[in-house]
Amino acid sequence: MSALPDPAALVKDAPRVREALHRAGWSAEALDELLGATYRTHLDRDELAPVLRRTRGGSPLEVLARLLVIGEPVSLDEAGRAGLPDSWLQPEGYDVRCPVRLQPVRHGGVEVQVPHDPGRAATGVDPDQVLGVGAASLTLAAATPRDLVGRSLDLGAGAGVQALLAEDHSSEVVATDRNPRAVAHTRLAAALNGVQIDAREGDLLEPVAGERFDLVVSNPPFVIAPGKRYVYRDAGLDADDVCRRLLAEVPQVLAPGGHAVLLANWLHLEGEDGDERVLSWFEGNGCDGWVVQRELAAPEDYVTAWLRDTDETFEGYDAWLDWFAERRVEAIAFGVVALRRTEGTPTVSLDDVPQPTAATWGEEVRAHFSRLDALRQDPLAARWRLRDDVRLHSVAERTDGGWYAAGQRLQQEAGLRWSGGVDPYGATLLAGCDGSRTVGELLAVLAMSAGLSDGEAAEQVLPVLHRLVEQGFLVP
Ligand SMILES: C[S@@+](CC[C@H](N)C(=O)[O-])C[C@H]1O[C@@H](n2cnc3c(N)ncnc32)[C@H](O)[C@@H]1O
């Protein structure tokens, strides 16, 4: 039984809290200004002095920041003046405090308020706790396509951040979670944000069996660990089985042409190809697949990072590493996995993307699959267009007498921010890609200027063009 407060008890008065937030001028920007741009880092490190110093004035926003962001008690009078109803307050000595925390999240042009449980510093680590918005949550939000859709599903909703963001561009949102506290939190989040989310309790896809969605997003409990104690990170399945199961089962609830974006971890085992492992999970699932591998962590680094969020000790570290060693684990991959339900022959691919991406790149998911569709057509008849955000950088090296041109690099300013070297012929060819000429026409000009036959030019250029299309430098 969890010692944490029941979020369901807060739903009734959520509209009053919403009004109090509005009256106080609560927003992500206002809190950044009040608490300082680095306040989240201070809170994560349990350094309260800087944020307490900035909230001594007693204005409604300062009081709400103390109660809902910092988790400090205030006097009952102050809480009342800030507009918080009694149901949202708990006595603490002669003062009161709030049983939940509230995190504003800005994404694209949208801002949502995410209520969640107090973290480790306040209450210790409760295995059932519903965490706030972390780095993984933001990684998924950044990778989610934001086109208008009909039905969306957030699987493993936790505090509800993905469901809230999806609500802005979906006509209907269903959110599921195995943890009843998370379901209650998602309902609270919906009430506080004044939106409709159908929150349901249950294991993986069981609560939505037989239904269809245009978009599925999931930041599942993907951590690969021997224990199954923390519901927010441990699925209760062996090793990386939760991600394998999701790739097999999510397609069953995807409408034709529907997309899913999931975060995943998968193992790289000694003597096995880790890329092949994750790609094999798509077999027979009726979906095109795109794996965007973001990190490959050594077991020691992986365990250290995940233990930080728990109250486990050195014994936990040792046991976890022994468990990896028994399974011959060399590394753990982390990535974003995108699926598109298809009637055709599915294609799957993996890109290693260690570079910093744009703050949001969800538009690349749909675009990636559309580009692959276009690549199946006659390559010489295609009329590619250089994407608007691509820049050509010239690199010069210093010699004794001055600078000499050492090469040119293409750089994307948006999306996955791919970059790569290009020779002068390639640069000229790309400059001609404005959508008005076919590749065949461009190659004929190139062949003439380089003294090649049309066949030789095609042989040299087409594989490069193919990769430039795959990476989104060229678009249909
Ligand atoms: C990493 S949290 C993600 C929370 C939130 N969606 C986000 O992006 O911040 C994973 C969530 O999955 C839930 N979960 C764990 N096991 C599950 C299962 N078998 N079926 C459904 N949800 C599960 C946890 O309770 C937790 O809320």
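**Ligand site and nonpolar cores**

A backbone N or O atom of Leu204 lies 2.8 Å from a nitrogen atom of the ligand, a polar contact (a pair of N or O atoms within 3.5 Å). Taken alone, the ligand exposes 600 Å², and the protein buries 92% of that (Shrake-Rupley areas, 1.4 Å probe). This is a predicted model: local features need pLDDT of at least 70, side-chain atom pairs count only at pLDDT 80 or more, and totals for chains, interfaces and linings use all residues. Residues are numbered from 1 along each chain as its sequence is written, and side-chain values use heavy atoms, with hydrogens and water left out.

**Ligand surroundings**
- The ligand is surrounded by 17 residues (a heavy atom within 4 Å).
- The closest are Ser137, Gly156, Asp177, Asp203 and Leu204.
- A polar backbone atom of Gly156 is 2.8 Å from a nitrogen atom of the ligand.
- Gly158 places a backbone N or O atom 3.3 Å from an oxygen atom of the ligand.

**Nonpolar cores**
- The largest nonpolar core has 90 residues (buried Ala, Val, Leu, Ile, Met, Phe, Trp, Tyr and Cys joined through side-chain atoms within 4.5 Å; buried means under 20% relative accessible area, 1.4 Å probe, protein chains only).
- Trp320, Phe324, Leu339 and Trp361 have the most contacts inside this core (heavy atoms within 4.5 Å).
- Strand E10 (residues 254–269) gives the largest share of this core, 9 residues (strands are DSSP E runs of at least two residues, numbered from the N terminus).
- Domain 2 (100–373) and domain 3 (377–475) each supply at least three of its residues (bounds from an automatic or database domain assignment).
- Apart from this core lies another, of 33 residues, among them Leu10, Val69, Ile70 and Val74.

Definitions and conventions:
Buried < 20%, exposed > 50% of the residue type's maximum accessible area, 1.4 Å probe, protein only. Helix = DSSP H or I, 4+ residues; strand = E, 2+ residues; numbered from the N terminus. Polar contact = N/O pair within 3.5 Å; in protein donor to acceptor, adjacent residues only side chain to side chain.
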